[in-house]
Amino acid sequence: MPDTTGLTARPLHPVFAAEIHGADCARPTPELRAGVEAMMDRYAVCVLPGQDIDAHQQVAFARIFGALENPPRARGSRGDASQKFPPEIFPITNLTEAGEIQKEDDAARQYRLANALWHTDSTFRQTGSTYSMLHAQVIPPAGADTQFIDTRAAYDALPEAMKKRIEGLRAEHSIWESRGKLGGYTPTPEELVARPPARHPLVKVNPNTGRKSLLIAAHVSHIVGWPRDEGRALIDELMEFAQKPEWIYSHVWRVGDMVIWDNRCTMHRATDFEDSKYTRDLRRVTVREYAAA
Ligand code: OGA
Ligand code: MN
């Protein structure tokens, strides 16, 4: 049944994630915003298939949901100095600026490899993000699915004692924490200064629904005010708990898919593909949680 905004949902998983029909990203309207937000509050990951839009249209669509991030570029990444895309576009690609497949030691490739860790986008920023919106241009013939975890379901299933233990805790998140774990990307001193850590509550509340979720994953270094080891142990325990197969949805990409996920209540990760052989080229836009700062 279409809802009042004309959108229909086909669930992709028993717990979360749905394919949404009736949405045309090329025609951003307040009604479309309301409809997609309602679907996102329910499903946390929404797949809008068959979206035939360019980078500018993707930015215009995302803007109806709020202010957008200007992603920093990894050294050597495509889009660095190019006029090809608007600044809000974050290319998720294995192509160089010149359109060739990245060499193994390409800095942008090293940076991208950390996407294979369970993570949330932009929790290393003071102002986090609500939605990431990833649009597929070129997909390799096999592999490279993106996996998602519903951290609302994980939170709900925690033992009461654990819910009490983590209530009110804050965690410190840093981009260099995740980049240090995988990929071997070494930041320059300027990058270190430009991107300091940020602190966020461990338990996030969706202001529309009141539902709680775990805000954890690869950027977290420690719990604020706790000895490092103890904080790490707690984070590791929560991460392990959250990775139950029944809370994981794996998205198999098709060209034209626009996948929107709520960074406040999901984690995601990239999976392998033959990245020295096949092209994988997607474009991400990220909506800021608050307009300020
Ligand atoms: C991202 C991301 C995973 C993938 O775009 O933020 O983590 O499979 N992508 O490309
Ligand atoms: Mn990501």
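**Ligand 1 and the cysteines**

Let me begin with Arg284, which places a polar side-chain atom 2.7 Å from an oxygen atom of ligand 1, a polar contact being a pair of N or O atoms within 3.5 Å. Taken alone, ligand 1 exposes 290 Å², of which the protein buries 99%, with areas from the Shrake-Rupley method and a 1.4 Å probe. This is a predicted model, in which local features need pLDDT of at least 70 and side-chain atom pairs count only at pLDDT 80 or more, while totals for chains, interfaces and linings use all residues. Side-chain values use heavy atoms, with hydrogens and water left out, and residues are numbered from 1 along each chain as its sequence is written.

Arg280 likewise has a polar side-chain atom 2.7 Å from an oxygen atom of ligand 1, and for Asp121 the distance from a side-chain N or O atom to a ligand 1 oxygen is 3.1 Å. The residues around ligand 1, meaning those with a heavy atom within 4 Å, include Asn115, His119, Trp261 and His268.

Now to the cysteines: how many disulfides does a search of the whole structure find? It finds zero, where a disulfide is a pair of cysteine sulfur atoms within 2.5 Å. For Cys25, the closest cysteine sulfur is in Cys46, 11 Å away and therefore too far for a bond; for Cys265 the closest is also in Cys46, at 10 Å, again too far. Both residues are buried, which means under 20% relative accessible area, since Cys25 has a value of 0% and Cys265 a value of 6%.

Key. Chains are lettered from A and ligands numbered from 1 in the order in which they are written. Buried means under 20% relative accessible area, exposed over 50%, partly exposed in between (1.4 Å probe, protein chains only). A polar contact is a pair of N or O atoms within 3.5 Å; within protein, one must be able to donate a hydrogen and the other to accept it, and residues adjacent in sequence count only if both atoms are side-chain atoms.
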